[in-house]
Amino acid sequence: MAKTPTLNTRLNGRCAGVLLHPTSLGRTPGCGSFGQEAAAWIAAMARHGLGAWQVLPLAPPDPLGSPYNAPSASAISTRFLDGEALHTAGLIPEDTLQQLPGAHQPARPQLDGKLADARAAHLGRALLQRYRQGLMRGSYMEDFATWRRDQWSWLEDHCLYLVIKGFQKGRPWWRWSRPLAQRHPDALARIRRTAADAMDQEALLQWQLDRQWGDLLCQARSKGITVIGDMPFYVAHDSSDVWGHTHLFSVYGDGSLREQSGVPPDYFSATGQLWGTPTFAWHRHRQEDFRWWRERIRRQLHLAHVLRIDHFRALESYWAVPGQDQDARDGRWHQSPGAAMLRQWQEAFQDLPLIAEDLGVITPAVEALRDDFQLPGMKILQFAFDGHPNNPYLPHVYPSDNVVVFTGTHDNATSVGWWASLNGEDRQRVETYLGHPVTAPGWQLLRLALMSRAALVMTPLQDLMSLGDEARMNRPGTTTGNWSWRIPVPLEQLDGHLQGYGAMAALYGRGSCTTAS
């Protein structure tokens, strides 16, 4: 097996960056977009010597706002589409911009999903009208046709699924009429005929989202910034992926769950965690030479320079729970063909630009799989201070530089919120390790991370801004108030924070990154 580059080699040196989902960008009324504010963010990071931008999954969110339970593993959320870029490209007229919902309103302090969806629908209708009238200038018509053919493996099912779900008033696919739920060819052909406009509109939106994000990726690379994407391991039960490939998932003929994912009982939960996503029918994936997974990874690597795989441990073995169970206690561990798939991806893509999310209780077998392919793991400083000198999250314990260290992630409290939650004994333990009192938790954890041997240091923007838990992105196990945080000040007011971060990163030998082409 060919030797895989480590993260340090891939980044061409030590690097530091920021975790910020595009939804949190300002300027547009309802939701951050792929427009001028995203380009300005990239420029600001580069200006201050920061080299990595990590995003959450770009996929459409579920009804609770989570991008980790998306109705499509390959589509991009239409909330990100930038109208000004469409107008500049000659794809929509000026009056479309003026008539956008919320066009003359300031940016909302929190994400407004309904407004963002209304804006996307308005842009989609305008794109469809120009397309139907043959008014797209230059080579756009040909470009769209070529792109649509190239993305057929996921795009066709995605468009069909969305259209049918609209007709079915949002019901999950296994509750559709039998011909549609079971994908009878005549039923699908009828949808293609009667809903051609709706399917074309969604395909046009995805085409332009792909182009706009691709432009941002190119801008980032040209400025030495690595964009890190994020891929959930499992896909949503109610998704175009499961509906389109039921034989590859653990579902019965009627669509109900045969087996579902989760994790076993542990210190944090006596009943474990039940996620409600179907496990994979691995024997079928093997029979098809892992084609579905290979295409999924290909698509995700098209959307990022480096890809973080959430719940990496399931590539070695996974906790499988009976489909109708209400908690995860009666699950069983089963082996996964992760090594075979990683070898295949390495051959197909000549590299494995992956980060393994290896948090929680990780077995030696999972560590061996990660290390055999020289994949970097993750360290979270908020997990480090339990009083054990060999806690693996403490910087002096890191076994190598092939590590990504975070002050916290989207699922954690902000560093200010974390510090506020600690009791006196815990605080004393942190201050003893740091060697001085804690007065700015986020910045002091950040300095500790930058001093470490880790190849890459990442911090949420909330920590740079010293914000409390009112700015937290997600509270696992809760269903309201998540995924909606937006930057509360104009982007230019972040310069001081980014400048301070860049100067501190440079002090510890960290600069901009350039990933392999």
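## Two helices crossing

Helix 2 passes helix 10 in a right-handed crossing, the handedness in which the near helix is turned clockwise from the far one by less than a right angle. Helices here are DSSP runs of H or I with at least four residues, strands are runs of E with at least two, and both are numbered from the N terminus. The contact, meaning heavy atoms within 4.5 Å, is made by A38, A39 and I42 of helix 2 and by L216, Q219 and A220 of helix 10.

The axes of helix 2 (residues 36–47) and helix 10 (residues 196–222) come within 10 Å and cross at roughly 15°. Axes are lines fitted to C-alpha atoms, for helices over the stretch in contact, with angles running from 0 to 180 degrees between N-to-C directions. Helix 2 and helix 10 are therefore roughly parallel to each other, a label for angles under 35 degrees.

## About the model

This is a predicted model, where local features need pLDDT of at least 70 and side-chain atom pairs count only at pLDDT 80 or more, while totals for chains, interfaces and linings use all residues. Residues are numbered from 1 along each chain as its sequence is written, and side-chain values use heavy atoms, leaving out hydrogens and water.

Four of them form an open sheet in the order 5-4-7-8, with antiparallel pairing. Strand 5 (273–278) and strand 8 (332–335) each have a single partner strand, so one side of each lacks a neighbour in the sheet. From one strand to the next, the twist averages 45°.

Strand 4 (residues 259–263) and strand 7 (residues 317–322) pair in the antiparallel sense over 4 bridges; pairing requires at least two bridges found by DSSP. Within this pair, Q260 has V321 of strand 7 as its bridge partner.

## Buried and exposed

Helix 18 (residues 441–451) is mostly covered, with 9 of its 11 residues buried, that is, under 20% relative accessible area with a 1.4 Å probe and protein chains only (exposed is over 50%, partly exposed in between). Among those buried are W443, L445 and L450.

H237 sits in the loop between strand 3 (226–231) and helix 11 (240–244). With a relative accessible area of 10%, H237 is buried. Beyond its neighbours within four places in sequence, its contacts include W173, W174, V251 and P278.

## Cysteines

The structure holds 0 disulfides, a disulfide being a pair of cysteine sulfur atoms within 2.5 Å. C31 counts as buried at 4% relative accessibility, whereas C218 counts as exposed at 57%.

Conventions. Parallel < 35°, antiparallel > 145°, perpendicular 65-115°, else oblique.
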